[in-house]
Amino acid sequence: MFRYGADYYPEHWPEERWPVDARLMQEAHINTVRLAEFAWSRLEPSDGNYDFAWLDRAIEVLHDHGIDVVLGTPTASPPPWLAQSHPEIYRVDEQGRRLTYGNRREYCPHSPTYREFARRITLAMAEHYADHPAVIGWQIDNEFGDPCYCELSRQEFQVWLQHQYGSLHNLNTAWGTIFWSHVYTEWSQIPLPVATGGVPNPGLELDFKRFSSASYVGFQQEQIDILRAVCPKQFITHNFMGFTYDRIDYYDLARNLDFVSWDNYPRGFWREGVDLPAVALGHDTMRSLKRQSFWVMEEQAGHAGWTTMTPAPRPGEIRLWSWQAVAHGADAIVYFRWRTSRFGTEQYWHGILEHHGQPTRRYAEVQQTGEEFARLGDLLTGAETRAQVAMLMDYDTRFAFQGQPNQAEFSYPAYFLSWYKALHRFNVGVDIVKPGTNLSGYKLLIAPAPYILTPDLASSLENYVRNGGTLVTTFRAGVKDYFNAVVERPLPGLLADTLGIVVEEYDPQPVGQGNHIIFSHRELSRLASSAPVRVWCDVIEPRGAEVLATYGEGYYAGRAAITLNRVGAGRAVYVGALGDTELHEPLVAWLLAASGVEPVLETPPGVEATVRWQGGRRLLFVLNLNAEATTVRLPATHDLISGRDLAGDILLPGYGVLLLSEG
Ligand code: GAL
């Protein structure tokens, strides 16, 4: 069943209003709501005293209108009585300041006290709702967050390190603590990488990020264990924060959940404009975490904002964003939030309904979209994505670059996105895979800057190439070992043989300056003659690899910038400099052709095409991400949304959506 819903806060509104909300939801084809993820102070008004009566009544009203419920465990925002009796549960930030009450997500994930209270409320809710016919599943906590730097966290970190390294000798060697005289003789001497401590040892810093990530995974697991034991019929998920959030290894966090959900705000207050190819990367990443379809648990339904506001979603945008999620693998769209709150920090974070609660334009759009999903949902739910292209994303590498970006303008996520955008432009399906993934199904693998390169990862990449894959990797590949120490061999380290090159030297570019490269390979140079590069330039000495492009300027003008090596049945391409669209688009166009990947559809800029498969049936989604009407050329086909037969040049309205099926 396709799930269509809203995040609903009945506790914010008088009880007499609940039936009105439920009726309006039903009329908008809403069949699911998420409740209670911030309701701890209502569910447990004082220590150990539970009150589920109000929530029972709210669920009953919803259930009477055919609406099912996902319950949030409310542990992202502890109640004031807990803060008052146990101030030690509060997180300490990187500056060493202990957070105080008045916001949310302020807890230390290591606090045994907090963990106990969290288990207790989870168990009480689980026991109360395990057999409730309306409750279909659980969301644990809300958007797991930031590391804690308290003394207790430090002790936990030391214990975690003991498990990882076994002996201080191993740790001292791996981190190179001889540098600046940091050789530890007791585990208790090991510090946390607090901001006031200057630039930390890179080994320590990376391990702290791994540890913090593992802490949230462990905190989540305690709730999973309770819910699995008490509520075996209900699913368990958590709402992730897409590609951009990078303080938790999301592959680990996803492992023991039934499916991944995420919160998608294309016009969120931290972004200036709407970047829908970047949103597509969010969806593809979330689908890839478990290689299965996912939910959007919070889909933007209004202006975003706490103290100031973003522009309103333009007419058609909410529908477009929802269909884009489905096109990339969502089986559920749940809007944040049902009605805009009259009070609290998020007064200006708008929902489907305005503060006044009357249906307006956005409600009508949600209703229209709901009608479409209600009609087509069976065809969409559980449909598969079969990507021929993968991008390698490694949280260890992300964590390591956070500490040491290598060059002032370099951002691993931004660089990753710039490659993804070239693939997106050509409408090819992409999985975002982690080290250790079986790569044999992919024709093309792009691995931007795999900085932390373990022997396992290097040999998996080499085997992939030998067995016929096309690997593209880049500058800063193979620089570090697992412990974040620089390798003792010429770069690209363990990949040098596979790539058939060595990096003779590297030249980080001054901010705002760069070089350009000249494509020398015959087929490639038909697509583009040259491209600007910036941020980073590797000077490459080919050792068996063919040169695809050379530098245009400076003391290494004429030297190799991009190379291609043939190994076994495959190819390994090395891109030594950072470029943008002008570099990535011709290169990707050539790589797709060379590796036999067929784009889903050729479209003009800003029109996205993706495919999902329902059994043998191919579903082609064509989305106009542009505000303006755009002409798209289609084969003879049928649009399932409008019921029209289409062929040839079609004028797709701004934000227009087609769902085409040949079967
Ligand atoms: C999300 C969060 C919601 C709400 C929303 C708007 O990140 O999960 O609870 O805060 O942002 O700010």
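The model is a predicted one, so to speak: local features need pLDDT of at least 70, side-chain atom pairs count only at pLDDT 80 or more, and totals for chains, interfaces and linings use all residues. Residues are numbered from 1 along each chain as its sequence is written, and side-chain values use heavy atoms, with hydrogens and water left out.

**Helix packing**

- Helix 5 (residues 112–129) and helix 8 have axes that come within 9 Å and cross at roughly 25 degrees (axes are lines fitted to C-alpha atoms over the stretch in contact, and angles run from 0 to 180 degrees between N-to-C directions).
- That angle makes helix 5 roughly parallel to helix 8 (under 35 degrees is roughly parallel, over 145 roughly antiparallel, 65 to 115 roughly perpendicular, the rest oblique).
- Over at helix 14 (residues 412–425) and helix 18 (residues 581–595), the angle is about 55 degrees and the axes are 9 Å apart.
- Helix 14 and helix 18 are therefore oblique to each other, and their crossing is right-handed.
- Helices here are DSSP runs of H or I with at least four residues, strands are E runs of at least two, and both are numbered from the N terminus.

**Second largest pocket**

- The second largest pocket has a volume of about 500 Å³ (the space filled by probe spheres set on grid points, which are joined across faces, edges and corners).
- It has 23 lining residues, and R210, D249, D394, D396 and Y482 are the closest to its centre.
- A pocket is an open set of points on a 1 Å grid over the protein atoms alone, where a 1.4 Å probe fits, with protein on both sides within 12 Å along at least five of seven lines; lining residues have an atom within 4 Å of a point.
- Helix 8 (202–230), helix 9 (250–254), helix 13 (395–403) and helix 15 (455–466) each supply at least two lining residues, with helix 15 giving the largest share, four.
- Domain 1 (3–150 + 217–380) and domain 2 (389–595) each contribute at least three residues to that lining (bounds come from an automatic or database domain assignment).

- The peptide bond from F336 to R337 is cis, with omega near -10 degrees, and R337 sits in the loop between strand 9 (330–336) and helix 12 (361–380).
- L491 and P492 are also joined by a cis peptide bond, omega about 5 degrees.

Note on methods. Left-handed = near helix turned anticlockwise from the far one by under 90°.
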